Amino acid sequence: MNNPKTLCVAGASGLVGSNIVKAALAKGYRVNGTMRDAEDESKRPYLMALPGAAERLTLFSADTAQSDSFDAALEGADAVFIACFPPIYKGKDGTPAKDLDRQRGYDEIVKPVKEGCMNVFEAAARKNVKTVILCSSTSSTNPPEPVAVKTEENAVSDAEVQMNAGKFTAAEKIVMETAAKDFCDAHGMRLSIIIPTMMLGPVILPQHLEGDSHHLIVGLNKGEQVLHKETPAGSMSLSHIEDVAALFLAAYEKPDASGRYFAVYDSWPWRDLYAEFAKHAPASAMPQPLEGEPEEPTRFDFTRRDSLGVTMRDIPTTIAQMFDWLKTEPFSTRH
Ligand SMILES: NC(=O)c1ccc[n+]([C@@H]2O[C@H](COP(=O)([O-])OP(=O)(O)OC[C@H]3O[C@@H](n4cnc5c(N)ncnc54)[C@H](OP(=O)(O)O)[C@@H]3O)[C@@H](O)[C@H]2O)c1
């Protein structure tokens with residue numbers, strides 16, 4: 001089922017990007033993937049082992065600090081998926097983002113993401129790539145006045161408010177989204193912005209088991225309390241990583257798709273998430289129960305998400321599949 005179209009995935013070695021690569025290969029596309037070092041032997045073999053990769057995946061070295069480094073990967077591509085802006089949590093000298101002053105927070109956290117993103121968009125424009133699917137984050141969905149039910153239209157963070165509150169790592173996402181939209185409007189490009197949250201599911205590179213979400217589950221699976229000694233009153237949004245990848249592909253394949261799309265299945269209180277985790281993990285991993293009732297979880301309107309036509313796994317299924325996969329001891333033969 002070969003597909004003549006070539007898709008560029010910027011950030012192919014990332015948690016999100018590698019799953020987009022896998023999903024695109026499974027649909028028969030040719031894929032040009034980027035990472036900073038395409039020869040990195042700790043990453044490359046896992047991508048090249050994906051079904052279809054030997055025939056249809058080419059990896060390129062590209063750094064967002066240098067626009068023309070993306071040119072080769074974008075040559076002949078029908079669309080670019082941009083998932084190469086992991087959040088920056090520290091300033092240049094290692095100072096935590098929240099401790100930076102306004103100027104340093106902007107210069108060292110927000111500006112590099114904005115400029116790096118524009119470097120990728122300028123390369124796409126140079127190579128006449130007219131469709132962009134950009135990965136953002138729910139950290140761009142916190143408006144100054146809270147809303148009862150979040151939609152992609154009303155849940156828009158205000159960068160100035162966030163920066164004035166020292167939330168530079170969150171502000172970088174809405175600044176990136178705004179710059180991307182302005183660029184695409186000016187250049188006649190179709191832009192979809194996918195907004196994920198915590199994602200679970202099988203990972204393609206072992207390094208991804210060290211990311212915050214997977215690190216939590218790996219620890220729980222071993223009976224360790226990782227994040228919480230006591231169950232928090234708050235909530236967490238969740239989705240299956242493969243469903244997120246499917247949303248990216250759907251936003252590309254649906255010719256009238258544009259704008260923001262939540263890539264969240266739902267938000268649950270931690271109390272209820274831990275009740276699910278407890279079905280799969282040893283009791284020693286569980287935090288102390290919550291005293292009293294949890295806070296109301298974030299509520300979403302998923303009309304736009306569902307317009308992409310992807311059936312997403314519910315939270316119990318996602319959690320069960322995550323633990324089932326871990327119990328197969330993935331990567332153990334390679335390490
Ligand atoms: N992971 C989550 O739980 C989560 C949740 C919500 C939203 N998101 C969003 O999803 C997006 C992708 O995150 P992720 O978790 O997939 O990140 P990740 O696993 O850290 O992957 C980041 C990717 O970007 C590449 N990259 C990093 N710095 C680069 C640079 N300077 N130039 C070019 N490429 C660079 C990395 O490649 P190399 O390191 O190999 O060069 C890698 O392919 C981000 O926008 C993030 O905010 C993630």
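A residue is called buried when its relative accessible area is under 20%, exposed when that area is over 50%, and partly exposed in between, as judged with a 1.4 Å probe on protein chains only. By that rule Q162 is buried, because its relative accessible area is 7%. The structure is a predicted model, in which local features need pLDDT of at least 70 and side-chain atom pairs count only at pLDDT 80 or more, while totals for chains, interfaces and linings use all residues. Residues are numbered from 1 along each chain as its sequence is written, and side-chain values use heavy atoms, with hydrogens and water left out.

**The chain as a whole**

- The protein chain contains twelve helices and ten strands, where helices (H or I, at least four residues) and strands (E, at least two) are DSSP runs numbered from the N terminus.
- Its radius of gyration is 20 Å, which agrees with the value near 20 Å for a compact globule of 335 residues; the radius is taken over C-alpha atoms, and the globule rule is 2.2 Å times the number of residues to the power 0.38.
- Along the principal axes, the C-alpha atoms of the protein chain fill a box of roughly 55 × 50 × 45 Å.
- Of the 335 residues in the protein chain, 54% are buried.
- Where contacts (heavy atoms within 4.5 Å) join residues at least 6 apart in sequence, 79% of them link residues at least 24 apart.

**Around S69**

- S69 sits in the loop between strand 3 (57–61) and helix 4 (71–74), and S69 is buried, with a relative accessible area of 17%.
- Apart from neighbours within four places in sequence, S69 is in contact with S61, A62 and D63.
- Polar contacts are pairs of N or O atoms within 3.5 Å; within protein, one atom must be able to donate a hydrogen and the other to accept it, and residues adjacent in sequence count only if both atoms are side-chain atoms.
- The side chain of S69 reaches the backbone oxygen of Q66 at 2.6 Å and the backbone nitrogen of D63 at 3.0 Å.
- Although S69 and V120 are 51 residues apart along the chain, their C-alpha atoms are separated by 8.9 Å.

**Around Q162**

- Q162 belongs to helix 6, which covers residues 159–164.
- A polar atom of the Q162 side chain lies 3.5 Å from the backbone oxygen of S139.
- Not counting residues up to four places away in sequence, Q162 touches S139, N142, S157, K167, A170, A171 and I174.
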